[in-house]
Amino acid sequence: MQVKLALLAEKQFETMLAYLVRYNPAAEQHVGFFGESETEIRETLAEIAPPLTESFWLAWEGDELVGVFGADYDPEIDRAWLYGPLVTAADWQPVAEALYAEVQKCISASIHELDLFFEARNLNGQAFAARHGFSLRSNNAVFRLQRADWKPSAVPAPVCAYQAAFFEQFEHLHQTLFPTTYYTARQIVEKQAEDQRLFLMVENERVLGYHFCKTETDSGYIDFIGVDAAARGKGLGADLLNAGLEWMFSRPQTGEICLTVDAENTAAIRLYEKFGFASGRILQGYRKRVD
Ligand SMILES: CC(C)(COP(=O)(O)OP(=O)(O)OC[C@H]1O[C@@H](n2cnc3c(N)ncnc32)[C@H](O)[C@@H]1OP(=O)(O)O)[C@@H](O)C(=O)NCCC(=O)NCCS
């Protein structure tokens, strides 16, 4: 049967969500940006900046949804994050290519970097990345901590909440530790809210570390944790992690906390394992520069 492509219509949102919840968990078609559970995917879609009805394309075989591909982008970071292709049509490649042709037109012309994110066993995704000149740039391990595996610390962690007076130092540390990441220091500071916290480790007015994390409907997520290279190995990372875990698990709805970390980042992985985090998927990040 012929496959037809169309932009997502508002009334099709729940159909698309059900499709993603059903098909994204399978390793061989998993797209890392979407997440796993229904709640996680719903929240991820809610955070996408352009309206989904202007940036998500669907592939239909009659009434049956057989493919989804969309994009998020941020002109300040100069990057687009490609949500897909997730295709279940028998003819994977032509459907993925046709969707990609449409999705590219939805991305602001000012953007110069495109990112893809696939589970390591998603071979169609890897071949797609190679065909379009994307380079593999990261292997990320997903780690999760279940509430039942969390051992709260008896002593409160010696961290403080972000204060504006520390912005320059925080910005310098964030740029040094994560120079090409998805939020600038200013964006992190502005994101702080009831459900997003920035903890600082300050000694003698010097910012030595920070932890930015958030709570979602039934989970928590660690965006960034980092310690000044000169202050590592003294327990500051553990204190910062502790403070964030305490806060995220203080909400009774938080059942688990997750994060992604470079699979070769031994220091961070040991830290997470020490706190009871267990590893799950390996996700591969691909990037392409467009001029
Ligand atoms: C990961 C990081 C935050 C750890 O900070 P830290 O202050 O050095 O960590 P701590 O001193 O609190 O160490 C806590 C535990 O982490 C583990 N750990 C920390 N550094 C380690 C290293 N270099 N090698 C192996 N294990 C290490 C150990 O299990 C340690 O516990 P132990 O000392 O009882 O064995 C720090 O290395 C860092 O900022 N790295 C760069 C940024 C980064 O990669 N962040 C994580 C991205 S997801």
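This is a predicted model: local features need pLDDT of at least 70, side-chain atom pairs count only at pLDDT 80 or more; totals for chains, interfaces and linings use all residues.
Leu-259 is in contact with Phe-143, Tyr-221 and Ile-222, once its neighbours within four places in sequence are left aside. Leu-259 belongs to strand 11, which covers residues 256–262.

Domain 1 comprises residues 3–133, and domain 2 comprises residues 145–282. Between the C-alpha centres of domain 1 and domain 2 the distance is 29 Å. The contact between them draws 8 residues from domain 1 and 8 residues from domain 2. On the side of domain 1 that touches domain 2, helix 2 (residues 38–46) supplies the largest share, namely 3 residues. Sorted by class, that side of domain 1 consists of 2 nonpolar, 2 polar and 4 charged residues.

The ligand is the next point of interest. It is surrounded by 19 residues, of which the closest are Arg-232, Gly-237, Ala-267, Arg-270 and Leu-271. Strand 10 (219–227), helix 8 (236–249) and helix 9 (266–274) are the elements that each give two or more residues to this shell. Helix 9 gives the most, with 6 residues. In terms of class, the shell around the ligand holds 9 nonpolar, 6 polar and 4 charged residues.

The description may now turn to the protein as a whole. Its secondary structure amounts to 9 helices and 12 strands. Taken along the principal axes, the C-alpha atoms fill a box of roughly 65 × 45 × 35 Å. The radius of gyration is 20 Å, which agrees with the value near 19 Å that a compact globule of 291 residues would have. Contacts between residues at least 6 apart in sequence show how the chain is connected: 69% of them join residues at least 24 apart.

Conventions
Residues are numbered from 1 along each chain as its sequence is written. Domain bounds come from an automatic or database domain assignment. Two residues are in contact if their C-beta atoms, placed from the backbone, lie within 7 Å. Helices (H or I, at least four residues) and strands (E, at least two) are DSSP runs, numbered from the N terminus. Ala, Val, Leu, Ile, Met, Phe, Trp, Tyr, Cys and Pro count as nonpolar, Asp, Glu, Lys and Arg as charged, and the others, Gly among them, as polar. A residue is near a molecule or strand if its C-beta atom, placed from the backbone, lies within 6 Å of it. The radius of gyration is taken over C-alpha atoms; the globule rule is 2.2 Å times the number of residues to the power 0.38.
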